[in-house]
Amino acid sequence: MEYNEDFIKGLLFEKIAGTISEGDDFIAEKAILADPDTRKFWEDLKSKMKRPGTASFLSGLDETRAWENVETHLPEIPVRSFYERNRRYISAAAMLLIGLPLVWYFFNKQQLTPQEKGTVQQQVYLKTDNGKIIELTAGRTINMDGATVHTKQKELSYAPAGAGNKDWATLHVPPTKDYKITLPDGTEVWMNSASSLRFPYSFDKKTREVYLTGEAYFEVSHNPQLEFIVHTGFADIKVHGTSFNVNAYNVKNFATSLITGSVSATNGNESIMLKPNQQVSYGNEKLIIKPFDPQEVLSWRNGTYYFHNQSLSEIAQVLSRWYDVKIDWKSPAVSEQTFTGEIDKKLPLDVVLSNLELSSGIKAKLESGILTFR
(Lines give C-alpha, C1' and ligand atoms only; values in the text may rest on other atoms or scores of the structure.)
Protein backbone atom coordinates (compact mmCIF):
# COMPACT_ATOMS: atom_id res chain seq x y z
CA MET A 1 0.00 0.00 0.00
CA GLU A 2 1.35 3.41 -0.99
CA TYR A 3 1.05 6.54 1.16
CA ASN A 4 1.45 10.12 0.08
CA GLU A 5 4.35 12.28 1.17
CA ASP A 6 2.32 14.39 3.60
CA PHE A 7 1.06 11.31 5.44
CA ILE A 8 4.57 9.87 5.87
CA LYS A 9 6.00 13.18 7.06
CA GLY A 10 3.22 13.41 9.61
CA LEU A 11 4.17 9.98 10.93
CA LEU A 12 7.81 11.03 11.19
CA PHE A 13 6.89 14.01 13.34
CA GLU A 14 4.81 11.76 15.59
CA LYS A 15 7.83 9.47 15.80
CA ILE A 16 10.19 12.29 16.80
CA ALA A 17 7.64 13.55 19.36
CA GLY A 18 7.28 10.07 20.87
CA THR A 19 3.53 9.84 20.23
CA ILE A 20 3.49 7.37 17.36
CA SER A 21 1.60 4.06 17.65
CA GLU A 22 3.23 0.68 17.04
CA GLY A 23 1.35 0.29 13.76
CA ASP A 24 2.22 3.76 12.46
CA ASP A 25 5.84 3.24 13.54
CA PHE A 26 5.91 0.12 11.36
CA ILE A 27 4.75 2.18 8.35
CA ALA A 28 7.26 4.95 9.10
CA GLU A 29 10.19 2.53 9.47
CA LYS A 30 9.37 0.87 6.15
CA ALA A 31 9.22 4.26 4.44
CA ILE A 32 12.58 5.31 5.92
CA LEU A 33 14.21 2.15 4.62
CA ALA A 34 12.58 2.22 1.18
CA ASP A 35 12.80 5.89 0.18
CA PRO A 36 16.00 8.02 0.21
CA ASP A 37 14.04 11.30 0.44
CA THR A 38 12.10 10.05 3.46
CA ARG A 39 15.32 8.85 5.07
CA LYS A 40 16.92 12.29 4.57
CA PHE A 41 13.84 14.01 6.04
CA TRP A 42 14.04 11.70 9.09
CA GLU A 43 17.76 12.38 9.56
CA ASP A 44 17.08 16.13 9.38
CA LEU A 45 14.44 15.83 12.11
CA LYS A 46 16.79 13.88 14.34
CA SER A 47 19.49 16.46 13.73
CA LYS A 48 17.15 19.23 14.93
CA MET A 49 16.43 17.23 18.08
CA LYS A 50 20.15 17.10 18.86
CA ARG A 51 20.47 20.87 18.99
CA PRO A 52 21.45 22.19 22.45
CA GLY A 53 18.45 22.52 24.73
CA THR A 54 15.94 20.59 22.64
CA ALA A 55 16.33 17.16 24.25
CA SER A 56 14.03 18.13 27.13
CA PHE A 57 11.78 20.52 25.24
CA LEU A 58 8.60 18.56 25.95
CA SER A 59 9.07 18.57 29.72
CA GLY A 60 9.86 22.27 29.79
CA LEU A 61 7.44 23.36 27.11
CA ASP A 62 5.52 26.60 27.70
CA GLU A 63 2.51 25.13 25.97
CA THR A 64 0.13 28.08 26.27
CA ARG A 65 2.57 30.66 24.92
CA ALA A 66 3.67 28.46 22.04
CA TRP A 67 0.07 27.63 21.22
CA GLU A 68 -0.84 31.31 21.03
CA ASN A 69 1.95 31.80 18.49
CA VAL A 70 0.76 28.90 16.37
CA GLU A 71 -3.03 29.12 16.71
CA THR A 72 -3.54 31.96 14.25
CA HIS A 73 -1.93 29.90 11.49
CA LEU A 74 -4.26 26.92 11.85
CA PRO A 75 -7.04 26.47 9.29
CA GLU A 76 -10.64 26.91 10.41
CA ILE A 77 -11.95 23.40 9.75
CA PRO A 78 -14.39 21.16 11.67
CA VAL A 79 -11.62 19.12 13.30
CA ARG A 80 -10.31 22.10 15.26
CA SER A 81 -10.99 20.30 18.56
CA PHE A 82 -8.47 17.69 17.46
CA TYR A 83 -5.82 20.42 17.15
CA GLU A 84 -6.62 21.65 20.63
CA ARG A 85 -6.37 18.17 22.19
CA ASN A 86 -2.90 17.81 20.71
CA ARG A 87 -1.69 21.37 20.93
CA ARG A 88 1.28 20.39 23.09
CA TYR A 89 2.91 18.73 20.09
CA ILE A 90 1.92 21.46 17.64
CA SER A 91 3.49 23.96 20.01
CA ALA A 92 6.55 21.77 20.35
CA ALA A 93 7.00 21.76 16.59
CA ALA A 94 6.87 25.54 16.49
CA MET A 95 9.36 25.88 19.34
CA LEU A 96 11.73 23.50 17.56
CA LEU A 97 11.46 25.75 14.49
CA ILE A 98 10.71 22.70 12.41
CA GLY A 99 8.14 24.85 10.67
CA LEU A 100 4.39 25.19 10.40
CA PRO A 101 4.16 23.11 7.19
CA LEU A 102 5.28 20.13 9.26
CA VAL A 103 2.62 20.93 11.85
CA TRP A 104 0.12 20.79 9.02
CA TYR A 105 1.47 17.38 7.95
CA PHE A 106 1.10 16.12 11.49
CA PHE A 107 -2.50 17.11 12.09
CA ASN A 108 -3.95 17.13 8.58
CA LYS A 109 -2.43 13.84 7.41
CA GLN A 110 -4.47 11.32 5.51
CA GLN A 111 -6.59 9.16 7.78
CA LEU A 112 -6.64 5.37 7.35
CA THR A 113 -9.92 3.60 6.75
CA PRO A 114 -10.80 0.84 9.25
CA GLN A 115 -9.95 -1.73 6.59
CA GLU A 116 -6.52 -0.19 5.96
CA LYS A 117 -5.85 0.11 9.67
CA GLY A 118 -6.66 -3.55 10.23
CA THR A 119 -4.42 -4.61 7.33
CA VAL A 120 -1.38 -2.43 7.92
CA GLN A 121 -1.16 -1.38 11.54
CA GLN A 122 -1.89 -4.72 13.22
CA GLN A 123 1.13 -6.69 12.11
CA VAL A 124 3.62 -8.54 14.27
CA TYR A 125 7.10 -7.93 12.91
CA LEU A 126 10.81 -8.37 13.54
CA LYS A 127 13.24 -5.48 13.24
CA THR A 128 16.92 -6.28 13.00
CA ASP A 129 19.58 -3.97 14.40
CA ASN A 130 20.66 -3.11 10.85
CA GLY A 131 17.15 -1.75 10.18
CA LYS A 132 15.57 -4.61 8.24
CA ILE A 133 11.85 -5.17 8.91
CA ILE A 134 10.29 -8.63 8.50
CA GLU A 135 6.54 -9.20 8.63
CA LEU A 136 5.73 -12.40 10.51
CA THR A 137 2.96 -14.17 8.66
CA ALA A 138 2.33 -17.81 9.58
CA GLY A 139 4.06 -20.70 7.84
CA ARG A 140 7.24 -18.96 6.74
CA THR A 141 10.90 -19.89 6.91
CA ILE A 142 12.99 -16.72 6.78
CA ASN A 143 16.73 -16.77 6.23
CA MET A 144 18.19 -13.73 7.94
CA ASP A 145 21.84 -12.69 8.05
CA GLY A 146 22.40 -14.26 11.47
CA ALA A 147 19.52 -16.70 11.97
CA THR A 148 16.83 -18.84 10.36
CA VAL A 149 13.33 -17.94 11.57
CA HIS A 150 10.34 -20.32 11.46
CA THR A 151 6.82 -18.97 11.95
CA LYS A 152 3.58 -20.71 12.88
CA GLN A 153 0.23 -19.28 13.91
CA LYS A 154 1.04 -16.53 16.46
CA GLU A 155 4.45 -18.08 17.16
CA LEU A 156 8.05 -18.07 15.98
CA SER A 157 11.24 -19.94 16.73
CA TYR A 158 14.70 -19.42 15.32
CA ALA A 159 18.14 -20.97 15.11
CA PRO A 160 21.35 -18.92 14.95
CA ALA A 161 23.41 -19.25 11.79
CA GLY A 162 26.49 -19.97 13.89
CA ALA A 163 27.71 -20.03 17.48
CA GLY A 164 28.92 -16.71 18.80
CA ASN A 165 26.77 -14.61 16.44
CA LYS A 166 26.54 -11.13 17.98
CA ASP A 167 23.54 -9.82 15.99
CA TRP A 168 20.29 -8.79 17.70
CA ALA A 169 16.67 -8.31 16.65
CA THR A 170 13.49 -6.95 18.23
CA LEU A 171 10.09 -8.63 18.09
CA HIS A 172 7.27 -6.06 18.02
CA VAL A 173 3.73 -7.12 19.00
CA PRO A 174 1.22 -4.34 18.21
CA PRO A 175 -1.99 -3.44 20.04
CA THR A 176 -4.78 -6.08 19.79
CA LYS A 177 -2.26 -8.93 19.24
CA ASP A 178 -0.38 -11.45 21.38
CA TYR A 179 2.50 -13.68 20.28
CA LYS A 180 4.93 -16.38 21.39
CA ILE A 181 8.66 -16.69 20.72
CA THR A 182 10.90 -19.65 21.51
CA LEU A 183 14.53 -18.64 22.08
CA PRO A 184 17.38 -20.94 20.93
CA ASP A 185 18.02 -22.22 24.49
CA GLY A 186 14.41 -23.49 24.66
CA THR A 187 13.08 -20.57 26.75
CA GLU A 188 9.48 -19.75 25.79
CA VAL A 189 8.10 -16.21 25.98
CA TRP A 190 4.41 -15.29 25.59
CA MET A 191 4.03 -11.58 24.81
CA ASN A 192 1.01 -9.40 25.53
CA SER A 193 -0.34 -6.64 23.26
CA ALA A 194 1.78 -3.52 22.63
CA SER A 195 5.00 -5.19 23.78
CA SER A 196 8.47 -5.74 22.36
CA LEU A 197 11.35 -8.09 23.13
CA ARG A 198 14.94 -7.43 22.05
CA PHE A 199 16.99 -10.62 21.90
CA PRO A 200 20.30 -11.90 20.48
CA TYR A 201 20.51 -14.49 17.74
CA SER A 202 22.91 -16.44 19.92
CA PHE A 203 23.48 -16.24 23.68
CA ASP A 204 27.07 -15.78 24.79
CA LYS A 205 28.96 -18.11 27.10
CA LYS A 206 28.36 -16.08 30.28
CA THR A 207 24.73 -14.94 30.38
CA ARG A 208 21.41 -15.06 28.54
CA GLU A 209 20.01 -11.52 28.32
CA VAL A 210 16.89 -10.01 26.72
CA TYR A 211 15.20 -6.59 26.92
CA LEU A 212 11.44 -6.24 27.47
CA THR A 213 8.99 -3.39 27.12
CA GLY A 214 5.35 -4.16 27.86
CA GLU A 215 4.30 -7.49 29.36
CA ALA A 216 5.41 -11.10 28.87
CA TYR A 217 5.24 -14.48 30.57
CA PHE A 218 8.51 -16.44 30.63
CA GLU A 219 9.23 -20.13 31.01
CA VAL A 220 13.02 -20.15 31.21
CA SER A 221 15.02 -23.22 30.26
CA HIS A 222 17.03 -24.36 33.29
CA ASN A 223 20.78 -23.83 32.99
CA PRO A 224 22.61 -23.14 36.29
CA GLN A 225 25.79 -22.23 34.41
CA LEU A 226 24.10 -19.59 32.24
CA GLU A 227 22.08 -16.98 34.10
CA PHE A 228 19.01 -15.57 32.34
CA ILE A 229 18.37 -11.81 32.74
CA VAL A 230 15.31 -9.81 31.66
CA HIS A 231 16.13 -6.10 31.44
CA THR A 232 13.25 -3.64 31.82
CA GLY A 233 13.16 0.10 32.28
CA PHE A 234 12.43 -0.34 35.99
CA ALA A 235 14.40 -3.36 37.20
CA ASP A 236 16.53 -6.24 35.96
CA ILE A 237 15.07 -9.69 36.60
CA LYS A 238 17.67 -12.42 37.16
CA VAL A 239 16.38 -15.94 36.62
CA HIS A 240 17.57 -19.39 37.58
CA GLY A 241 15.27 -21.64 35.53
CA THR A 242 11.67 -20.70 36.33
CA SER A 243 8.30 -19.39 35.16
CA PHE A 244 7.20 -15.82 35.86
CA ASN A 245 5.30 -12.83 34.48
CA VAL A 246 6.75 -9.35 33.93
CA ASN A 247 4.55 -6.27 33.48
CA ALA A 248 6.82 -3.42 32.40
CA TYR A 249 4.50 -1.06 30.53
CA ASN A 250 5.16 1.75 33.01
CA VAL A 251 6.62 2.31 36.46
CA LYS A 252 3.23 2.56 38.18
CA ASN A 253 2.16 -0.91 37.02
CA PHE A 254 5.59 -2.57 36.97
CA ALA A 255 5.46 -6.02 38.56
CA THR A 256 7.32 -9.30 38.35
CA SER A 257 5.19 -12.23 39.54
CA LEU A 258 6.90 -15.55 40.27
CA ILE A 259 5.02 -18.77 39.50
CA THR A 260 7.75 -21.39 39.98
CA GLY A 261 11.48 -21.42 40.69
CA SER A 262 13.46 -18.40 41.79
CA VAL A 263 14.13 -14.90 40.49
CA SER A 264 15.67 -11.75 41.86
CA ALA A 265 14.82 -8.16 40.94
CA THR A 266 17.57 -5.53 40.93
CA ASN A 267 17.22 -1.77 40.74
CA GLY A 268 20.44 0.12 41.31
CA ASN A 269 21.96 -1.13 44.57
CA GLU A 270 18.69 -2.73 45.70
CA SER A 271 18.09 -6.43 45.10
CA ILE A 272 15.16 -8.61 46.21
CA MET A 273 14.84 -12.40 45.93
CA LEU A 274 11.35 -13.79 45.25
CA LYS A 275 9.71 -17.04 46.27
CA PRO A 276 6.84 -18.65 44.31
CA ASN A 277 3.53 -16.73 44.64
CA GLN A 278 5.39 -13.51 45.47
CA GLN A 279 5.37 -10.39 43.36
CA VAL A 280 7.82 -7.50 43.32
CA SER A 281 6.60 -4.06 42.28
CA TYR A 282 7.88 -0.49 42.48
CA GLY A 283 6.52 2.01 44.99
CA ASN A 284 7.82 4.99 46.96
CA GLU A 285 11.02 4.81 44.88
CA LYS A 286 11.88 1.29 46.05
CA LEU A 287 11.09 -2.34 45.28
CA ILE A 288 8.39 -3.94 47.41
CA ILE A 289 7.17 -7.56 47.79
CA LYS A 290 3.58 -8.72 48.13
CA PRO A 291 1.47 -11.82 47.36
CA PHE A 292 -0.57 -12.00 44.15
CA ASP A 293 -3.37 -13.94 42.52
CA PRO A 294 -1.95 -16.00 39.61
CA GLN A 295 -5.38 -16.25 37.96
CA GLU A 296 -5.62 -12.46 37.85
CA VAL A 297 -2.03 -11.80 36.77
CA LEU A 298 -1.93 -14.48 34.04
CA SER A 299 -5.48 -14.06 32.75
CA TRP A 300 -4.25 -12.03 29.75
CA ARG A 301 -2.75 -15.21 28.26
CA ASN A 302 -6.30 -16.57 27.83
CA GLY A 303 -7.65 -13.31 26.38
CA THR A 304 -9.25 -12.20 29.65
CA TYR A 305 -8.37 -9.31 31.92
CA TYR A 306 -9.41 -9.67 35.55
CA PHE A 307 -9.30 -6.61 37.78
CA HIS A 308 -10.06 -6.11 41.45
CA ASN A 309 -10.53 -2.62 42.90
CA GLN A 310 -8.53 -1.13 40.05
CA SER A 311 -8.88 2.45 38.87
CA LEU A 312 -10.50 3.21 35.54
CA SER A 313 -7.20 4.76 34.42
CA GLU A 314 -5.48 1.36 34.82
CA ILE A 315 -8.34 -0.46 33.08
CA ALA A 316 -8.25 2.08 30.25
CA GLN A 317 -4.58 1.27 29.61
CA VAL A 318 -5.60 -2.32 28.86
CA LEU A 319 -8.41 -1.14 26.58
CA SER A 320 -5.89 1.02 24.75
CA ARG A 321 -3.56 -1.92 24.12
CA TRP A 322 -6.20 -4.53 23.36
CA TYR A 323 -8.36 -2.39 21.06
CA ASP A 324 -5.73 0.07 19.72
CA VAL A 325 -7.43 3.27 20.88
CA LYS A 326 -6.17 6.44 22.51
CA ILE A 327 -7.69 7.60 25.81
CA ASP A 328 -9.04 11.07 26.53
CA TRP A 329 -10.25 12.08 30.02
CA LYS A 330 -12.81 14.84 30.43
CA SER A 331 -12.63 14.55 34.21
CA PRO A 332 -9.64 13.39 36.32
CA ALA A 333 -12.10 12.25 39.00
CA VAL A 334 -13.59 9.71 36.59
CA SER A 335 -10.21 8.14 35.97
CA GLU A 336 -9.74 7.42 39.68
CA GLN A 337 -13.00 5.49 40.17
CA THR A 338 -12.34 1.82 40.99
CA PHE A 339 -13.95 -1.30 39.59
CA THR A 340 -13.95 -5.09 39.95
CA GLY A 341 -14.75 -7.37 37.04
CA GLU A 342 -13.31 -8.80 33.83
CA ILE A 343 -12.90 -7.97 30.14
CA ASP A 344 -13.07 -10.61 27.42
CA LYS A 345 -10.75 -9.71 24.54
CA LYS A 346 -13.01 -11.51 22.07
CA LEU A 347 -15.87 -9.08 22.73
CA PRO A 348 -16.18 -5.96 20.55
CA LEU A 349 -15.16 -2.75 22.29
CA ASP A 350 -18.67 -1.28 22.06
CA VAL A 351 -20.00 -4.25 24.06
CA VAL A 352 -17.31 -3.78 26.71
CA LEU A 353 -18.13 -0.08 26.96
CA SER A 354 -21.87 -0.75 27.19
CA ASN A 355 -21.30 -3.15 30.08
CA LEU A 356 -19.12 -0.58 31.82
CA GLU A 357 -21.69 2.17 31.37
CA LEU A 358 -24.54 -0.01 32.65
CA SER A 359 -22.62 -1.04 35.77
CA SER A 360 -21.12 2.34 36.66
CA GLY A 361 -22.99 5.19 35.00
CA ILE A 362 -19.75 6.40 33.39
CA LYS A 363 -20.15 7.72 29.86
CA ALA A 364 -17.72 6.58 27.17
CA LYS A 365 -17.59 7.56 23.50
CA LEU A 366 -15.37 6.19 20.73
CA GLU A 367 -14.73 8.47 17.78
CA SER A 368 -11.87 8.41 15.22
CA GLY A 369 -9.83 6.03 17.35
CA ILE A 370 -10.12 8.18 20.51
CA LEU A 371 -12.00 6.77 23.52
CA THR A 372 -13.35 9.61 25.66
CA PHE A 373 -14.51 9.08 29.24
CA ARG A 374 -16.78 11.59 30.98
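**Figure 1. Salt bridge between D178 and K345 in a predicted model.** K345 counts as buried because its relative accessibility is 16% (buried is under 20% relative accessible area, exposed over 50% and partly exposed in between, with a 1.4 Å probe and protein chains only). D178, at 25% relative accessibility, counts as partly exposed. The side chains of the two residues meet in a salt bridge at 3.5 Å, N to O (a side-chain nitrogen of Lys or Arg within 4 Å of a carboxyl oxygen of Asp or Glu). D178 lies in the loop between β6 (168-173) and β7 (179-182), and K345 in the loop between β21 (338-344) and α12 (349-360), so the pair ties together parts 167 residues apart in sequence. Helices (H or I, at least four residues) and strands (E, at least two) are DSSP runs numbered from the N terminus. Residues are numbered from 1 along each chain as its sequence is written. In this predicted model local features need pLDDT of at least 70 and side-chain atom pairs count only at pLDDT 80 or more, while totals for chains, interfaces and linings use all residues; side-chain values use heavy atoms, with hydrogens and water left out.

**Figure 2. Salt bridge between D185 and R208.** The closest N and O atoms of this pair are 2.5 Å apart. D185 is in the loop between β7 and β8 (188-191) and R208 in strand β10 (residues 207-219), a link between distant parts of the chain, 23 residues apart. R208 counts as buried at 1% relative accessibility, whereas D185 is partly exposed, with a relative accessible area of 22%.

**Figure 3. The second largest pocket.** Its volume is about 750 Å³ (the space filled by probe spheres set on the grid points, which are joined across faces, edges and corners). A pocket is an open set of points, on a 1 Å grid over the protein atoms alone, where a 1.4 Å probe fits, with protein on both sides within 12 Å along at least five of seven lines; lining residues have an atom within 4 Å of a point. The lining has 33 residues, and N247, N253, Q279, E296 and Q310 lie nearest the centre of the pocket. β19 gives the most to this lining, with 6 residues.

**Figure 4. Surroundings of N253.** N253 is in the loop between β13 and β14 and counts as buried, at 17% relative accessibility. Leaving aside residues up to four places away in sequence, N253 touches N247, E314 and Q317 (contact means heavy atoms within 4.5 Å).
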